[in-house]
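Trainee: I am new to this one, so please take me through it step by step.

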Amino acid sequence: MPEVKTLSEGIFEITKGKKYLATKNLAPGMTVYGEKLLSIEGSEYRTWDPRRSKLGAMVLKKFRIPLGQDSKVLYLGAASGTTVSHVSDIVSGGAVYAVEFSPRSMRDLISLVARRRNLHPILADAGKPNIYAHLVEPVDVVFQDVAQPNQAEIAARNAARYLKSDGYLLLAIKARSIDTAANPKQVFRDEIKKLEEAFEPKFEILTARDLNPYHEDHLGVLAKLKE
Amino acid sequence: MKLEAWFGTLDLGEDGKVLASDPFSKNVRELALRSLSLREPGKGIPPAGFDLRSAALACGFAGSSEEYDSLLHEVTLDAAKLQISGALTPDQRIILAVEALDDVNETANVLSERLSEWYGGYFPESGLSGKALARFVAKYGSRKNVAPEDPLYAKASNSMGAELEAFDEELLKGFATSVCSLYDRRKQIEAYIESSMENIAPNLSLLAGPMLGARLISIAGSLEKLAAFPSSTIQVIGANKALFKHLRSRAPSPKHGIIFSHPLINTSPWWQRGKIARAVAAKLSLAARTDLYSGEKVPSLAEKLDAKVQQIRLMNPEPPRKKPESGLKPKGKKKRRQ
């Protein structure tokens with residue numbers, strides 16, 4: 001008999017032969033990127049591959065995930081929607097504003113979005129948050145996975161506009177896209193410092209952990225606004 | 001203060017309270033088009049932290065939070081679809097064609113190598129390769145079928161190759177036909193690129209040639225991006241490795257990237273190439289800008305480029321003498337390139 005353990009609201013660990021990370025499927029019967037579907041006691045779960053999702057890796061790295069059933073999320077760097085689909089599962093009664101800049105990725109994202117009513121796709125540059133000001137409400141969580149050299153600045157600009165004062169920032173920093181030559185540890189230290197001091201608003205870092213072995217040279221960060 | 005939201009226009013008082021509101025009708029397509037028009041800067045954007053959802057509920061645009069989500073979902077989805085359908089501009093089509101051409105080239109080479117390896121066992125003396133071999137095999141199959149008037153007839157009759165049995169012959173003939181059709185496809189794509197380049201970038205096409213021009217657009221990402229590049233960037237596009245080696249260490253700067261395939265550059269003697277590459281890049285950058293912003297053909301660009309190249313050739317007729325210490329490390333203080 002498979003065993004279902006809740007790791008965080010809407011995020012489960014299922015033991016069926018081996019352990020799977022999973023979320024409850026909001027669009028039953030549909031898979032997004034070839035993941036497994038597990039039916040247990042009338043609910044359908046989608047397995048979540050932490051190697052393909054930085055948020056999934058953060059869960060396994062014991063981050064506190066500040067997402068609940070009714071959370072509003074601003075998701076920067078939605079790409080083809082692998083992680084977005086799981087966030088959409090978790091915040092089943094909330095809203096996800098999925099910002100992506102590449103029309104090519106948006107094409108894949110759209111086929112996913114069409115079946116999930118809590119997803120709102122936005123084809124825009126996350127570095128210019130004013131472009132989507134007429135669409136996005138204040139959110140509980142800003143999640144960022146953009147792999148840009150100025151990602152700390154992008155996070156700050158979006159948080160300034162859209163993050164509620166008691167909200168959280170979750171981000172994945174990719175050392176290789178900030179400086180290909182520098183030592184990743186040094187890049188991480190510099191980026192943390194930037195988040196803490198360089199821009200307005202400033203952040204208080206709650207957790208920062210390397211996402212090894214799921215993602216190489218990536219740092220996961222959970223932060224909130226500095227009082 | 002007036003502000004624009006995706007569902008309507010709001011009038012905001014000093015204290016941030018909504019004074020008046022003018023919600024739109026719930027037509028998804030209209031709302032999507034409006035939402036796209038609001039992306040332009042300068043429209044009344046809501047202040048940071050403004051709660052659009054409560055405003056929409058208060059002004060009666062949406063009856064419930066669920067309805068708000070459901071409408072916003074449809075509007076953003078429709079807007080994104082509209083943007084996607086507009087994203088495949090003519091220069092994007094050229095880029096896809098250039099990428100397809102590279103794939104076809106690579107595949108044709110791999111398969112024709114395979115054919116030459118395979119057919120070599122049956123007729124090693126043919127001396128054919130690539131396209132010619134593919135055409136030969138597709139036409140005759142076994143070397144026994146070579147027509148007497150074919151120049152290879154004598155070689156084919158005295159070949160040391162193995163007998164090609166009917167079963168194998170069928171397979172090889174089919175394989176060769178596929179390779180032939182790849183070469184045909186390559187021609188077709190090249191013709192497509194040439195004619196589209198003539199339409200969307202006539203000046204670039206004239207100055208660089210359609211293939212080089214298309215490759216420049218492809219690497220830059222779009223004609224707009226290419227036009228925004230300084231000419232020094234255009235000069236070294238495609239020489240990334242050499243450029244970064246130069247920036248990081250004391251390596252010499254690259255003189256040319258993919259523009260090296262320009263006949264003005266690769267037919268010139270080595271000591272003029274850097275100077276000519278600089279001149280060509282300068283004019284290519286002008287050409288790209290003219291193509292993007294006016295689209296009219298400006299023949300004087302080519303004339304000016306020719307004049308400039310002539311001048312460079314006249315000024316530098318002799319190769320410079322190589323420095324005696326070249327290849328050795330300079331003595332004393334190390335000078336760093338700035």
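Mentor: A charge sits over a ring if NZ of Lys or CZ of Arg is within 6 Å of the ring centre and within 35 degrees of the ring normal. This is a predicted model, where local features need pLDDT of at least 70 and side-chain atom pairs count only at pLDDT 80 or more, while totals for chains, interfaces and linings use all residues. Residues are numbered from 1 along each chain as its sequence is written, chains are lettered from A and ligands numbered from 1 in the order in which they are written, and side-chain values use heavy atoms, leaving out hydrogens and water.

Trainee: Over the ring of which residue does the charged end of Arg209(A) sit?

Mentor: Look for the charged end of Arg209(A) and the ring centre 5.4 Å from it. That ring belongs to Phe63(A).

Trainee: Why is the pair of Tyr132(A) and Tyr162(A) classed as it is?

Mentor: Rings of Phe, Tyr and Trp (its six-membered ring) pair if their centres lie within 6.5 Å, and planes under 30 degrees apart count as stacked, over 60 as edge-to-face and the rest as tilted. By this rule there are 13 aromatic pairs over all chains. In this one, the centres are 5.7 Å apart and the planes stand at 20 degrees, so Tyr132(A) and Tyr162(A) are stacked.

Trainee: Where in chain A is each partner, Tyr132(A) and Tyr162(A)?

Mentor: The two are 30 residues apart and link distant parts of the chain. Tyr132(A) is in the loop between β8 (119-123) and β9 (139-144), and Tyr162(A) is in helix α4 (residues 151-162). Helices (H or I, at least four residues) and strands (E, at least two) are DSSP runs, numbered from the N terminus, so for Tyr162(A) the element to find is α4.

Trainee: Is Tyr132(A) buried or exposed?

Mentor: Buried means under 20% relative accessible area, exposed over 50%, partly exposed in between (1.4 Å probe, protein chains only). Tyr132(A) has a relative accessible area of 1%, so Tyr132(A) is buried.

Trainee: What kind of pair do Trp270(B) and Trp271(B) make?

Mentor: Trp270(B) is partly exposed at 46%, whereas Trp271(B), at 17%, is buried. Their ring centres are 5.7 Å apart and the planes stand at 85 degrees, so the pair is edge-to-face.

Trainee: Which residues does Gly221(B) contact, leaving aside neighbours within four places in sequence?

Mentor: Gly221(B) is in the loop between α9 and α10 (223-228) of chain B, and is partly exposed at 22%. Contact means heavy atoms within 4.5 Å. On that basis Gly221(B) touches Gln92(B) and Ile95(B).

Trainee: Which proline does a cis peptide bond join to Asn212(A)?

Mentor: The omega of this bond is about -5 degrees. The proline lies in the loop between β11 and β12 (218-225) of chain A. Its name is Pro213(A).
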